[in-house]
Amino acid sequence: MTELAEATAGGAPELPESWRAVLAEETGKPYYAQLTEFLAAERAEHEVFPPAGQEFSALEATAYEDVKVLILGQDPYHDNGQAHGMSFSVLPGVKTPPSLRNIYKELGTDLGLTVPDNGYLMPWAEQGVLLLNAVLTVRAHEANSHKNKGWEKFTDAVIKAVSAREEPCVFVLWGGYAKKKLPLIDAERHVVVQGAHPSPLSAKLFLGSKPFSQINEALEGFGQKAIDWQIPNLKG
């Protein structure tokens, strides 16, 4: 068992090192202790996604000082083998979910990119794209089952911590839920890209919105390198 998984066995995992100082106050609050107890009880009685030790995968993949873009999702995928702690992403070998398929369609329209054979978004995270869900766990096959248990307070703190940095960042808020987080962001120093959610329910509004070119234009305006949004194929 890994160190991170061991830390998670009784509840929430240990924060990745780069995030500990900026989130130390949050993890010391009473709600976070209650959240840890809730998560431990849920894992004892139910199957919970993502697996123990992967709750903070997004924070581990993208260090605090490296965040250039924050894409906010709502809660993890709730079917078997999908969630691994990064919004919209699935592990190699897992079928690409509908929302991500629409994201890929829009990447084709917006930037002329090809649809990859996988839904593993780690190449984005490694370039500074923080793939954060507002709620970091879910009971298997029960969407939104861990909402209002404390994760939202914690991830609000993550958003505010990124907003508080001197370095400008692009915040991507897709859908009504994500747009409610706008007050947490200093929109005078950062760029906020808003639009419809890529879910099939709102795909007609999402497709054609060209968010990725907007993100790259903002980054270049900051004097930063644009994101290479092309996810490579994993098969030969």
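**Figure 1. Bridge partners I71 and V172 in the predicted model.** I71 is paired through a bridge with V172, a residue of β5. The structure shown here and in the other views is a predicted model. Strand β5 covers residues 170-174 and runs parallel to β2, to which it is joined by four bridges.

**Figure 2. The open sheet of four strands.** The strand order is β3-β2-β5-β6, and the pairing is parallel. β3 (129-133) and β6 (191-195) are the edge strands; each has a single partner strand, so one side of each has no neighbour in the sheet. From one strand to the next, the twist averages 20°. Helix α7, made up of residues 151-164, lies across β2, β3 and β5. The helix runs at about 155° to β3.

Figure 3. UniProt lists D75 under "active site", in an unreviewed entry. D75 sits in the loop that lies between β2 (69-73) and α5 (98-111). Is D75 buried or exposed? Its relative accessibility is 17%, and the cut-off for buried is under 20%, so D75 counts as buried. Beyond neighbours within four places in sequence, D75 is in contact with N133, V135, V138, A143 and N144.

**Figure 4. Surroundings of H84.** H84 is also placed in the loop between β2 and α5. With a relative accessible area of 4%, H84 is buried. Which residue has a side chain joined to that of H84 by a polar contact of 2.8 Å? The partner is S89. When residues up to four places away in sequence are not counted, H84 touches P50, Q54, S57, S89, V90, L91 and Y120.

Figure 5. The whole structure holds 12 aromatic pairs. In one of them, the ring centres of Y31 and Y32 are 6.4 Å apart and the planes stand at 85°, so this pair is edge-to-face. Y31 and Y32 are both buried. F56 and W151 also form an edge-to-face aromatic pair, with 6.0 Å from centre to centre and 85° between the planes. This pair links distant parts of the chain, as F56 is in the loop between β1 (48-49) and α4 (57-61) while W151 is in helix α7, 95 residues apart. F56 and W151 are both buried. A further group, consisting of F88, W124, W174, F206, F212 and W229, makes up one aromatic cluster.

Figure 6. Between the C-alpha atoms of D228 and L113 the distance in space is 9.9 Å, and the two residues are 115 residues apart in sequence.

How values were computed:
Residues numbered from 1 in each chain as written. Predicted model: local features only at pLDDT ≥ 70, side-chain atom pairs only at ≥ 80, totals over all residues. Heavy atoms only, no water. UniProt positions renumbered as here; feature names shortened; annotations may be inferred. Helix = DSSP H or I, 4+ residues; strand = E, 2+ residues; numbered from the N terminus. Buried < 20%, exposed > 50% of the residue type's maximum accessible area, 1.4 Å probe, protein only. Contact = heavy atoms within 4.5 Å. Polar contact = N/O pair within 3.5 Å; in protein donor to acceptor, adjacent residues only side chain to side chain. Pairing = 2+ DSSP bridges. Axes fitted to C-alpha atoms, helices over the stretch in contact; angles between N-to-C directions. Phe/Tyr/Trp six-rings, centres within 6.5 Å; stacked < 30°, edge-to-face > 60°.
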